[in-house]
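Q: Can we walk through this one together? I'd like to go piece by piece.

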Amino acid sequence: MATITTLKPDLPLAEAGDAERQRFERWFDERFEEKMREREAAHVPSLSIIATKGTLDWAYPPFILASTAAALGYEVSVFFTFYGLLLLKKDIDLEISPLGNPAMPMKMPVGPDWFRSINWPVPNFLQSTIPGFERMATSLMKKTFETKGVASIAELRELTLEAGASLYACQMTVDAFGFEQGEFIPEVAGWIGAASFLPKAQKSDITLFV
Amino acid sequence: MTTETANAEMSVLDATGLNCPLPILRTKKAIGGLASGTVLKVLTTDPGSVEDIASFCRQTGHELLSSRTAGGTFEFEIRRG
């Protein structure tokens, strides 16, 4: 009140109250903005991923996203459930199945450029009857990734752990599929269920289901 | 700018031939081992790394001093924040 009186000595009482309130509101808005900026600057972004697939192709997205986010300084948690659980096995030996996946390019990883660029679509009925077709497709994809400088899943997993991401295993899947905890990498951050992972995901800025 | 000082102290990371996300992961590891203020030169061939390294620097508080192409190779100079 003293300030107001000094500024406008002739101000009637009601108007003085309004001015005081406006001044307070201005101060509050500025202070609020400032506090929000501080809060945003101090905020550590977080990412939660649920990894549910265990084929060579689908093993990439969770590890690429988790390792990159961890490198950007995010707090990262990945929950491996159902077939995704196999991505945490000590011996990681994943295969790809082109069967029923018409989007998968079937290209040769070797030879001259014109040869490599040819797509070789193989009908489903042939894929399912040629013995060892999936094994062949798997080795072709591994070879392609190798020549293109794409990391192997084992290497990416190592880098993901090194970058500080927490990898959780679904205990229900371990039991349901008849695994033992000893078959999985010792870096598993916890053997948990949906009720333990969801609260982590709830506090995350980004949640992804892969 | 202290170009001379930066050049004298510059470490080089060769991430050529590597694809996403390896250039970023290697950069993060290499820059983590440097003292604040020192400059790391990174070489890549992954076209995606041009945007990704810029984004990495923005997110992690490192300064991207330069980003240029030299005959199919991308060169970055990053000052550790």
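Q: What covers the buried residues of helix 2 of chain B?
A: Keep in mind that this is a predicted model. The cover comes from both chains. From chain A it includes helix 3 and helix 7 (153–162). From chain B it includes strand 1 (11–15), strand 2 (39–44), helix 3 (49–60) and strand 4 (73–79).

Q: And which residues of helix 2 of chain B are buried?
A: They are B:Leu22, B:Pro23, B:Ile24, B:Leu25, B:Thr27, B:Lys28 and B:Ile31.

Q: Take the partner in chain A. At what angle do helix 3 of chain A and helix 2 of chain B pack?
A: About 30°, with the axes 9 Å apart.

Q: Left-handed or right-handed crossing for helix 3 of chain A past helix 2 of chain B?
A: Left-handed.

Q: Which residues make that contact?
A: On helix 3 of chain A, A:Ser67, A:Thr68 and A:Ala71. On helix 2 of chain B, B:Ile24, B:Leu25 and B:Lys28. By class, the contact has three nonpolar, two polar and one charged residues.

Q: Tell me about A:Thr68. Is it buried or exposed?
A: A:Thr68 is buried, with 24 other C-beta atoms within 10 Å. A:Thr68 sits in helix 3 of chain A. Setting aside neighbours within four places in sequence, A:Thr68 is in contact with B:Pro21 and B:Ile24.

Q: How far is A:Thr68 from A:Gln22 in space?
A: 47 Å, C-alpha to C-alpha. In sequence, A:Thr68 and A:Gln22 are 46 residues apart.

Q: Back to B:Pro21. Where is B:Pro21 found?
A: In the loop between strand 1 and helix 2 of chain B.

Q: Cis or trans for the peptide bond from B:Cys20 to B:Pro21?
A: Cis, with omega near 5°. For context, most peptide bonds are trans.

Q: Zoom out to the whole interface. How many residues of chain A are in contact with chain B?
A: Twelve, and they touch twelve residues of chain B. Helix 3 of chain A gives the most to the chain A side, with four residues. By class, that side has seven nonpolar, four polar and one charged residues.

Q: Now inside chain A. How do helix 3 of chain A and helix 7 of chain A pack, in angle and distance?
A: The angle is about 25°, and the axes are 9 Å apart. That makes helix 3 of chain A roughly parallel to helix 7 of chain A. Helix 3 of chain A passes helix 7 of chain A in a left-handed crossing.

Q: Who touches whom there?
A: Helix 3 of chain A uses A:Leu56, A:Ala59, A:Phe63, A:Ile64, A:Ala66, A:Ser67 and A:Ala70. Helix 7 of chain A uses A:Ile153, A:Leu156, A:Arg157, A:Leu159 and A:Thr160. By class, this contact has nine nonpolar, two polar and one charged residues.

Q: Which residues touch the most other members of the largest nonpolar core?
A: A:Ala66, A:Ala70, A:Val76, A:Val78, A:Phe80 and A:Ala169, out of 53 residues in that core. The largest share of this core, nine residues, comes from helix 3 of chain A.

Q: What is A:Ala66 in contact with?
A: Leaving out neighbours within four places in sequence, A:Ala66 is in contact with A:Ile49, A:Val76, A:Val78, A:Thr160 and A:Ala165.

Q: Switch to chain B. How many helices and strands are in chain B?
A: Three helices and four strands. Along the sequence, chain B follows the pattern α-β-α-β-α-β-β. Of its 81 residues, 28% count as buried.

Q: At what angle do helix 2 of chain B and helix 3 of chain B cross?
A: Roughly 35°, with the axes coming within 10 Å. That crossing is right-handed. The contact is made by B:Pro23, B:Ile24 and B:Thr27 of helix 2 of chain B and B:Ser49, B:Asp52, B:Ile53 and B:Phe56 of helix 3 of chain B.

Q: Last one. What is the phi of A:Phe82 near?
A: Near 50°, a positive value in a residue other than glycine. A:Phe82 lies in the loop between strand 2 (75–80) and helix 4 (113–116) of chain A. A:Phe82 is partly exposed, with 16 other C-beta atoms within 10 Å.

Notes:
Residues are numbered from 1 along each chain as its sequence is written. Chains are lettered from A and ligands numbered from 1 in the order in which they are written. This is a predicted model: local features need pLDDT of at least 70, side-chain atom pairs count only at pLDDT 80 or more; totals for chains, interfaces and linings use all residues. Axes are lines fitted to C-alpha atoms, for helices over the stretch in contact, and angles run from 0 to 180 degrees between N-to-C directions. Helices (H or I, at least four residues) and strands (E, at least two) are DSSP runs, numbered from the N terminus. A crossing is left-handed if the near helix is turned anticlockwise from the far one by less than a right angle, and right-handed if clockwise. Two residues are in contact if their C-beta atoms, placed from the backbone, lie within 7 Å. Ala, Val, Leu, Ile, Met, Phe, Trp, Tyr, Cys and Pro count as nonpolar, Asp, Glu, Lys and Arg as charged, and the others, Gly among them, as polar. A nonpolar core is a set of buried Ala, Val, Leu, Ile, Met, Phe, Trp, Tyr and Cys residues joined through C-beta atoms within 7 Å. A residue is buried if 20 or more other C-beta atoms lie within 10 Å of its own, exposed if 12 or fewer, and partly exposed in between; C-beta atoms are placed from the backbone. Angles under 35 degrees count as roughly parallel, over 145 as roughly antiparallel, 65 to 115 as roughly perpendicular and the rest as oblique.
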